[in-house]
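This report looks at a ligand site and a metal site. The structure comes first, then the contacts.

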Amino acid sequence: MVPNSILQSFNIPNSTVQPFGSGHINRTFKIGSTDGGYILQRINHHVFKQPENIAANIRYAAAYLKEKHPQYLFLSPVKATNGQDMVYDEGGYPWRLFPYISNTVTINEVQTAKEALEAAKGFARLTKNLSGCDAQKFHNIIERFHDLGWRYEQFETALKNTTPERLSKAHEAIEQSKHFAFLVNEYRQLINSGDLTLRITHNDTKINNILFDAHSRKTVCVIDLDTLMPGYFIYDLGDMVRTIVCPVSEEETDFSKISFRKEMYDAVVAGYLAEMEEELSDHEKAAIPFSGLMMTYIMALRFLADYLNGDVYYTIKYEGQNMNRAKNQLRLLQILSEEIR
Ligand code: ADP
Ligand code: GN1
Ligand code: MG
């Protein structure tokens, strides 16, 4: 649970502390009453090796947005009593506190095209509002985070280092993954073409990283800003396609439920373009169909590599979960590759 020293550092007295949310990386707790209170998070410092850089990026973005877009709701951490954005526990883990945004919900599976449209607008607005700021001022939080070539190399390394047992259990998923390696070449060509502009992107736009108003279902603000850093628009749009067009999430193990919902795809693209149309070049727009394929593939490779590596990165609740996630994503990728282009 939460160490007392941490509660004291944020001056949180005798509160109700409950585990919250379904993220794979950090630990999240809800503090206080249902319609108020705080979100307390322990940052995974094995994944985020320089958490101070996360805080610096968020501070820089917050200051810029406050000046240029004062109406825009951007979630900034609440400072600890010592004035810092984060405090460290005895194990060296950083903790931070956010205001809990009342009357909001997150969703893991999109039900309506309106939700898809709103989510895409919400994530696109972040990049649009930050378009005037200096990308060089942002730290790269995780090097080559969405570099598909790098992720493929990591998958190959995992293949070499894994146990014979995991290699044999993952045989089918491995073969399917290799089948899509042509996407790595496409990715390299696209990046090398210089056609994509480096922007400030969220880089983790899965559907549960945006808050919806509980009643109107309009988006209230984006959350999970750990990977806010320079990136290409295909990363954000692609991760939305990955998590929105399918009626079930990456956790679904009944793969027959995985399908492509055209009305959701159209809504995601329309929502993104509603905010970003004027920012994107024609070359960038031509890369829209590739984005969903690329991000679904990268996630399949990352889940599978983690399974082969012995489940060291993503939180799992049962043995084989990362392999199931990879199989789920490979099924989705197969369907997307037939439907999108
Ligand atoms: P992770 O990095 O582990 O995915 P998130 O920052 O996405 O962590 O938080 C996990 C969950 O907690 C979210 O999906 C959301 O349901 C909830 N949450 C996080 N921050 C807030 C907030 N400020 N207000 C309301 N709910 C939040
Ligand atoms: C992780 O933190 P969370 O659960 O929102 C991961 C993303 C993946 C996602 C897949 C820092 O995101 O890149 O898309 O899991 N974040 C990191 O569910 O690796
Ligand atoms: Mg999250």
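## Ligand 1 and its shell

In this predicted model, 17 residues surround ligand 1, each with a heavy atom within 4 Å of it. The closest are Gln41, Pro99, Thr106, Asn209 and Asp224. The shell divides into eight nonpolar, eight polar and one charged residue. Here Ala, Val, Leu, Ile, Met, Phe, Trp, Tyr, Cys and Pro count as nonpolar, Asp, Glu, Lys and Arg as charged, and the others, Gly among them, as polar.

Domain 1 (4–102) and domain 2 (113–339) both give residues to this shell, so ligand 1 lies between them. The domain bounds come from an automatic or database assignment.

## Polar contacts and cover

Polar contacts are pairs of N or O atoms within 3.5 Å. A backbone N or O atom of Pro99 lies 3.0 Å from a nitrogen atom of ligand 1. For Ile101, a backbone N or O atom is 3.1 Å from a ligand nitrogen. A polar backbone atom of Asn208 sits 3.1 Å from a ligand oxygen. The protein covers 95% of the 550 Å² of accessible area that ligand 1 has on its own (Shrake-Rupley method, 1.4 Å probe).

## The magnesium site

Asn209 (OD1) and Asp224 (OD) coordinate the magnesium ion (ligand 3) at 2.2 Å. Donors are N, O and S atoms within 2.8 Å of the metal (3.2 Å for Na, K and Ca); water is not among the atoms, so sites may look incomplete.

Asn209 is buried, at 4% relative accessibility. Asp224 is partly exposed, at 26%. Buried means under 20%, exposed over 50%, partly exposed in between (1.4 Å probe, protein chains only).

## Conventions

Residues are numbered from 1 along each chain as its sequence is written, chains are lettered from A and ligands numbered from 1 in the order written. Local features need pLDDT of at least 70, side-chain atom pairs count only at pLDDT 80 or more, and totals for chains, interfaces and linings use all residues; side-chain values use heavy atoms, with hydrogens and water left out.

How values were computed:
Polar contact = N/O pair within 3.5 Å; in protein donor to acceptor, adjacent residues only side chain to side chain.
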